[in-house]
There are 4 protein chains.
Amino acid sequence: MSEVSLIISREVIALTKKNPSERKEEIRKAAVQVISNLGFHKTTTDKIAEAAGLSVGTIYNYFEDKEEILSYIFEVEREKLKSFFSDLNDSAQSPAKKLRLLLDRHFEMALENKKESKLLIDHRQMPVRKVSVEILDYSILLKSCFQSILEEGIASGGVRDDLDPELISGMIIGAADSVVVKSFFTDESPDEIFKGVSERIIRALLHGILSSKNQQV
Amino acid sequence: MSEVSLIISREVIALTKKNPSERKEEIRKAAVQVISNLGFHKTTTDKIAEAAGLSVGTIYNYFEDKEEILSYIFEVEREKLKSFFSDLNDSAQSPAKKLRLLLDRHFEMALENKKESKLLIDHRQMPVRKVSVEILDYSILLKSCFQSILEEGIASGGVRDDLDPELISGMIIGAADSVVVKSFFTDESPDEIFKGVSERIIRALLHGILSSKNQQV
Amino acid sequence: MSEVSLIISREVIALTKKNPSERKEEIRKAAVQVISNLGFHKTTTDKIAEAAGLSVGTIYNYFEDKEEILSYIFEVEREKLKSFFSDLNDSAQSPAKKLRLLLDRHFEMALENKKESKLLIDHRQMPVRKVSVEILDYSILLKSCFQSILEEGIASGGVRDDLDPELISGMIIGAADSVVVKSFFTDESPDEIFKGVSERIIRALLHGILSSKNQQV
Amino acid sequence: MSEVSLIISREVIALTKKNPSERKEEIRKAAVQVISNLGFHKTTTDKIAEAAGLSVGTIYNYFEDKEEILSYIFEVEREKLKSFFSDLNDSAQSPAKKLRLLLDRHFEMALENKKESKLLIDHRQMPVRKVSVEILDYSILLKSCFQSILEEGIASGGVRDDLDPELISGMIIGAADSVVVKSFFTDESPDEIFKGVSERIIRALLHGILSSKNQQV
DNA sequence: TATGAATGAGTCTTCATTCAT
DNA sequence: CATGAATGAAGACTCATTCAT
């Protein structure tokens, strides 16, 4: 067998046999697809398999059971978020700018990846037994990211210290979610909807909603 | 059939038969109870029947199917909210005060009726096919209530007119939900958690989060 | 409603609606039927349901799961055996006679109820997790019955006291089982096969197999 | 392919390739191991492969299907027994002595090879469709060995001729099995349990269980 | 109307077997 | 021959819904 043919046969292998993590990734994507269309409970293992172009049995070679697929989806999203937030913290930005960038990412993700985004907003209701305690839930993680920035702002004196960072984080995420949810049900192009939203959220948050002339309502 | 037995049977009927709307209400309450304990998907019709002290079959005399029970639950909640909001609008309060009062109601309900409250926050996930378009979703209604007050504030000049009322409503609801959700998972007494929250949310909303000395962050 | 019509309506109920224990008994019989034909592992819940003239779901109204059906079958058999043995002990028979009668019952049951009998002999292999320790296994119970008679014989001096009653019980049951098993695979009528077997087993057991003239082999 | 790589590949082959019967034997041993631990039905082909240090596919190069593995296991055991019995018959022992030696072998095997032993006792329950009629079942073979010795005893006059050798064989095997089964579930060391059992079984069998003084029970 | 036993379509999950490499 | 990922038929179990009483 010549060296060339050896290489060829390697290529052939590469084309047909996937390495395990690729397969797992395919299944994850298919699951995200189906779950965000149908919701977790109407999503059957058969449908995930079909969407992934596999047979049911194969799914069980990569995941213990149906719930583990969901756990894995969130695990991946958490890792992405952690990584982004770590980079964000390494950059020398003002807290306000950081809030903006974190929100921007939120909307960019929603744009690029409607499915994941829908799923992430919806997930609170899913009865996932197996997600162990030590693994932070995605929404808790997201909130803690915003909290962390706010606390930094308080520490540096820019942000009022009589605020509850957790509460304010809830406000930010709530505002963002309401926009994303709106984008699910509107015909308007998401681009249009998301344009300038981070900006507006942050501005309202920083300066309040009162008109400058009259500070009484 | 003897007279005696007739009387007896009347008494029996008197004891068991209720007027239809009472029965429906009993079933609704039982369903709220069970659903908020177990989540919609682990809630079986048998369990609802048991909680209502009825048999399964009876439920189907008052509701077409399981989903209709859920629709009805939200219908009732929407009616309550509409009624409250109507009264609120009739009162001569400032917009800021109205926002406070609407938030207060939110938390009072959460306190009094943890079950309904949990359910209302959770409902987005429920696969209710039959909720027809014309029936406004509870959360949409709630948002529109806040929006309406904000628009009033803008009209009267107290609130800045460069804000998106929908966005700000989302912020308020997001903040509120995050507190309520927190109360589900914490050992702290809900009274303690909810004390002064409306106040704090409104204050942050009105004046922003920047420290007064330094308006740059 | 007259008394007569009351009674009639009760009878009507009696004819159509079975009381729970009757249904359970029907399922038990169907299960015995199917299991002894196919073995426990090839017996599907569907087949049991079909044999019982019911649908799968109904079975699960009476049994927790498939294994519980098996547990129940043995529970019933153990109860029957206990009851028989209790009566046997109340009678004033010699130990030898008791052994005979217990064996006779064994074969009578095998005759009348081939299915149950096959199942009882086969059951050791079935992976029944749920049979709790305190519930004596049928075969252990049967052995303990024989043991008990033998110990009585030893106590009264008729039986040698240098024997291990457990071992001898094993001998008796082994002999009996081998005959019953043979009856499963032979064309000979079971009546013919079982005729006089108890007698022969007991005789061999009591006096041994050596020819009387020569006590050396 | 260069010469070097050829040599390497030959060495690899030399390390992994075994002659077919060795491989088959490895698989057989692994299967015995796994089956007697888990029972036939919880034994998967994957587990057998793992225990054999092979991959599933390989097993199917040596066996048609899963059941054939089981057939083969018993085939091997039957051959071993036949060989032993042939040697036993060639020796000039009294029938009583032969019974003793055959029983001794039974218990020695149980001692040495708990796994096989358990499997042999349990096998009646296994749903082996493919074991063809011409292949004698192990337990039938064992019984026929005992029968043959007993018939020799009858022929030579030492054993009473009014006995059914098949029945007596059943007694012996039943007694033996009950001891072996006991050893599976007891903490007592098997050595202790098996010590002198053959002796005791044969003695009881030869002379019966009646106390010598009193031949009535 | 109330009852609740019966129904059976629908799910998740397992595992013997195949086959491309 | 060895490999082991992929297959998909089969089975246990659930539960919304019906209907005879």
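# Helices and their contacts

User: Which residues does C:L99 touch, not counting residues up to four places away in sequence?
Analyst: In this predicted model, C:L99 has its place in helix α6 of chain C, which runs over residues 95-112. Leaving aside residues up to four places away in sequence, the residues that C:L99 touches are C:F146, C:I149, C:L150, C:I172, C:I202 and C:L205.

User: Is C:L99 buried or exposed?
Analyst: The cut-off for a buried residue is a relative accessible area under 20%. Because C:L99 has a relative accessibility of 3%, this residue counts as buried.

User: How many residues of the contact between α6(A) and α11(A) are nonpolar?
Analyst: The axes of helix α6 (residues 95-112) and helix α11 (residues 197-207) of chain A come within 9 Å and cross at roughly 140°, and the crossing is right-handed. On the side of α6(A), the contact is made by A:A96, A:L99, A:R100, A:L103, A:D104 and A:F107, while α11(A) brings A:V197, A:S198, A:E199, A:I201, A:I202, A:L205 and A:L206. Of the residues in this contact, three are charged and one is polar, and the number that are nonpolar is nine.

User: At what angle do the axes of helix α6 and helix α11 of chain B cross?
Analyst: In chain B, the crossing of α6(B) and α11(B) is right-handed, and the residues making the contact include B:L99, B:L103 and B:F107 of α6(B) together with B:I201, B:I202 and B:L205 of α11(B). The axes of helix α6 (residues 95-112) and helix α11 (residues 197-207) come within 9 Å, and their crossing angle is roughly 140°.

User: With which side chain does the side chain of B:K98 make a polar contact?
Analyst: B:K98 is found in helix α6 of chain B and, at 3% relative accessibility, counts as buried. Residues that B:K98 touches, beyond those up to four places away in sequence, are B:L88, B:N89, B:S91, B:Q93, B:I149 and B:E152; the C-alpha atom of B:L88, 10 residues apart from B:K98 in sequence, lies 7.0 Å from that of B:K98. The polar contact, at 3.1 Å, joins the side chain of B:K98 to that of B:E152.

User: How far apart are the end C-alpha atoms of helix α9 of chain A?
Analyst: Helix α9 of chain A (residues 165-185) has 21 residues, of which 19 are buried. At its start, a side-chain oxygen of A:D164 reaches to within 3.0 Å of the backbone nitrogen of A:E166.

User: Which residue takes a positive phi just after α2(A)?
Analyst: Helix α2 of chain A covers residues 20-38, and its 19 residues should span 27 Å at 1.5 Å a residue, in agreement with end C-alpha atoms that are 27 Å apart. Its buried residues include A:R23, A:I27, A:R28, A:V32 and A:I35. Just after this helix comes a positive phi of about 85°, taken by A:G39.

User: Among contacts in chain A between residues at least 6 apart in sequence, what percentage join residues at least 24 apart?
Analyst: Chain A has 11 helices and zero strands, and buried residues make up 45% of its 217 residues. When contacts between residues at least 6 apart in sequence are considered, the part joining residues at least 24 apart is 67%.

Methods:
Residues numbered from 1 in each chain as written. Chains lettered and ligands numbered in written order. Predicted model: local features only at pLDDT ≥ 70, side-chain atom pairs only at ≥ 80, totals over all residues. Heavy atoms only, no water. Axes fitted to C-alpha atoms, helices over the stretch in contact; angles between N-to-C directions. Helix = DSSP H or I, 4+ residues; strand = E, 2+ residues; numbered from the N terminus. Left-handed = near helix turned anticlockwise from the far one by under 90°. Contact = heavy atoms within 4.5 Å. Expected span 1.5 Å × (residues − 1). Buried < 20%, exposed > 50% of the residue type's maximum accessible area, 1.4 Å probe, protein only. Polar contact = N/O pair within 3.5 Å; in protein donor to acceptor, adjacent residues only side chain to side chain. Nonpolar A, V, L, I, M, F, W, Y, C, P; charged D, E, K, R; others polar.
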